[in-house]
Amino acid sequence: NALLSQEFDGPYEVIVSDNGSSDGTIDVVKQFVEKDSRVRAVNAGQKPGVNYARNAGVLESAGERILLCDGDDEVFPNWLFEMNAAFDAGADCVGGTCILTRPTGEYLGVLGPSFHYTWDVPAAAGANCGFTRRVFDSIGGFDTSYLVGGDDFDFFWRAHFTGFRYVEVREAKIRYAVRTHFR
């Protein structure tokens with residue numbers, strides 16, 4: 001619902017890349033597909049991992065500008081507008097702010113819009129980021145060998161060292177659900 005009620009006048013599509021979920025996600029997505037032509041589901045269950053799903057979703061998309069968020073997070077109403085404005089101003093890659101909350105809604109803090117580890121090279125959280133199709137095609141997408149973290153740093157570092165421009169978009173916020181347990 002949050003993705004479909006964005007404060008944005010331009011055309012956009014919502015692609016849900018399902019990586020073999022077993023929690024009824026695809027049934028929920030099918031209901032949205034029936035109601036709104038902007039929504040499409042992509043079966044990305046052939047190989048495990050968020051990066052396989054991300055790549056599959058991007059490859060099925062028609063847009064020149066791609067934004068990523070995770071299925072258990074909620075974008076703010078101006079998210080798409082703010083990210084698009086950064087692209088209009090010349091960004092190749094963008095990263096937004098994650099408002100950390102417990103599943104109960106309890107506020108825990110803020111993460112992002114970028115991280116700097118080892119080098120002074122920015123990277124966005126994979127849960128709230130974007131890039132142009134040119135970036136994705138030039139660096140070969142997300143590395144599917146990363147299964148549980150580090151993948152977003154790898155992607156944005158490769159983009160940076162290829163010469164693409166990263167811009168922090170502080171006002172592009174998502175509500176990021178922090179798990180109460182580890183699997």
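1. Basis of the values. The model is predicted, and local features need pLDDT of at least 70, side-chain atom pairs count only at pLDDT 80 or more, and totals for chains, interfaces and linings use all residues. Residues are numbered from 1 along each chain as its sequence is written, and side-chain values use heavy atoms, with hydrogens and water left out.

2. Helix α3. Helices (H or I, at least four residues) and strands (E, at least two) are DSSP runs, numbered from the N terminus. Helix α3 covers residues 79-88, and its buried residues are W79, L80, M83, N84, A86 and F87. Buried means under 20% relative accessible area, exposed over 50%, and partly exposed in between, with a 1.4 Å probe and protein chains only. Seen down the axis of α3, these residues fall within an arc of 155°, so they line one face of the helix. The arc is taken from the directions from the helix axis to the C-beta atoms. In general, an α-helix has 3.6 residues a turn, so residues three or four places apart point the same way.

3. Surroundings of α3. The cover over the buried residues of α3 includes β3 (65-69), β4 (74-75), β5 (93-101), β9 (128-132) and β10 (166-177). Just after the helix, G90 takes a positive phi of about 110°.

4. Salt bridges and the R40 pair. The structure holds ten salt bridges, each defined by a side-chain nitrogen of Lys or Arg within 4 Å of a carboxyl oxygen of Asp or Glu. One of them joins R40 and E60, with the closest N and O atoms 3.9 Å apart. This pair links distant parts of the chain, since R40 is in strand β2 (residues 39-43) and E60 in helix α2 (residues 50-60), 20 residues apart. Both partners are partly exposed: R40 has a relative accessibility of 32%, and E60 has a relative accessible area of 42%.

5. The R65 pair. R65 forms a salt bridge with D88, and the closest N and O atoms are 2.8 Å apart. Here strand β3, which holds R65, is linked to helix α3, which holds D88, across 23 residues. R65 counts as partly exposed at 38% relative accessibility, whereas D88 is exposed with a relative accessible area of 54%.

6. Between E74 and R175 the closest N and O atoms of the salt bridge are 3.1 Å apart. E74 lies in strand β4 and R175 in strand β10, so the pair ties together parts that are 101 residues apart in sequence. E74 is partly exposed at 39% relative accessibility, and R175 is partly exposed at 32%. Salt bridges that share partners also join E13, R40 and E60 into one network.

7. D18. Strand β1 (residues 14-18) holds D18, which counts as buried at 12% relative accessibility. Leaving aside residues up to four places away in sequence, D18 touches T25, I26, V42, N43, A44 and G45; contact means heavy atoms within 4.5 Å. The C-alpha atoms of D18 and V29 are separated by 9.5 Å, the two residues being eleven apart along the chain.

8. C69. This residue is found in strand β3 and is partly exposed at 27% relative accessibility. C69 touches L3, V75, W79 and A127, not counting residues up to four places away in sequence. The C-alpha atoms of C69 and G130 are separated by 9.0 Å, at 61 residues apart along the chain.

9. N78. The loop between β4 and α3 contains N78, and this residue is buried with a relative accessible area of 18%. The side chain of N78 reaches the backbone oxygen of E171 at 3.4 Å. Apart from residues up to four places away in sequence, N78 touches Q6, E7 and E171.

10. S114. The place of S114 is in the loop between β6 (107-111) and β7 (115-116), and S114 counts as buried at 13% relative accessibility. A polar contact of 2.2 Å joins the side chains of S114 and E168. A polar contact is a pair of N or O atoms within 3.5 Å; within protein, one must be able to donate a hydrogen and the other to accept it, and residues adjacent in sequence count only if both atoms are side-chain atoms. Besides E168, the residues that S114 touches include P122, A123 and Y166, with residues up to four places away in sequence not counted.
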